[in-house]
Amino acid sequence: MEAACWSHARRKVWDIHERQHRLTGTLAHQALQRIGGIFKVEAELNGKPPDERMRVRQERAAPVLDELKRWMNNTLAQVSAKSPMALAIGYSLSNWMALTRFVDDGRIEAHNNVAERALRGVAIGRKNYLHLGSDAGGQSAAVIYTLLGTARLNGINPQLYLRHVLERIADHPINRIDELLPWVVAAQLRPAWHEELAKAA
């Protein structure tokens, strides 16, 4: 089952809004306000269990989506078929089932912003990867990126995690290397990171 991303659908409208100097009252502005209703509900559900997310989405996001679809269909009938707004609306309507899949499944995100943020570091460093020297260097870099990303997902400061591993790895038995994986040491390192954050504040 395909699940589409509301950020991608929104971006097509945002680009039009930007070209129109962010004027209020335009069709692009009206669309962004309606799409914003979806993001507002999602922001309140961040971190909630899937069953609660599904219940709240069905109560609050579904009516927003129904109204948005009506507005899109009405607007599409009023604009030129080849206009940027028609193309942006057409994208959403042609992907409507995938865009609304999240309403009935609390495990699905309405957008993939988290994944995009996680990959931003990879995109930024793209040119640097040309200088890894070999395929083996690229594989080593991939392993390090995976470990650091996994540390973040487990609520650990990646720098703190690396320091923890490097201080222990020389004397650590090779057949027990899995004891140093991020999710294994997360409970031990999370308090230290929170303490560092409190000192910095």
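This is a predicted model: local features need pLDDT of at least 70, side-chain atom pairs count only at pLDDT 80 or more; totals for chains, interfaces and linings use all residues.

Trainee: How many aromatic pairs does a search of the whole structure find?
Mentor: The search finds 1 aromatic pair. Rings of Phe, Tyr and Trp (its six-membered ring) pair if their centres lie within 6.5 Å; planes under 30 degrees apart count as stacked, over 60 as edge-to-face and the rest as tilted. The ring centres of Trp 6 and Trp 96 are 5.8 Å apart and their planes are at 90°, so this pair is edge-to-face.

Trainee: Which helices do Trp 6 and Trp 96 lie in?
Mentor: Trp 6 is in helix H1 (residues 6-19) and Trp 96 in helix H5 (residues 96-99), so the pair ties together parts 90 residues apart in sequence. Helices (H or I, at least four residues) and strands (E, at least two) are DSSP runs, numbered from the N terminus.

Trainee: Is Trp 6 buried or exposed?
Mentor: Trp 6 is buried, with a relative accessible area of 0%. Trp 96 also counts as buried, at 11% relative accessibility. Buried means under 20% relative accessible area, exposed over 50%, partly exposed in between (1.4 Å probe, protein chains only).

Trainee: How many residues are in the largest nonpolar core?
Mentor: That core has 26 residues, and Trp 6, Val 13, Leu 68, Met 85 and Phe 102 have the most contacts inside it. Two or more residues each come from H1, helix H2 (27-45), helix H3 (50-76), helix H4 (84-94) and H5. A nonpolar core is a set of buried Ala, Val, Leu, Ile, Met, Phe, Trp, Tyr and Cys residues joined through side-chain atoms within 4.5 Å. Apart from it lies another core, of 8 residues, including Ala 151 and Leu 189.

Trainee: New topic. What lies over the face of Tyr 91?
Mentor: Lys 12 does, at 4.6 Å from the ring centre. A charge sits over a ring if NZ of Lys or CZ of Arg is within 6 Å of the ring centre and within 35 degrees of the ring normal.

Trainee: What is the mean pLDDT of the chain?
Mentor: The mean is 89, and 89% of the residues reach 70 or more. pLDDT is the predictor's confidence in each residue, from 0 to 100.

Terms used:
Residues are numbered from 1 along each chain as its sequence is written. Side-chain values use heavy atoms; hydrogens and water are left out.
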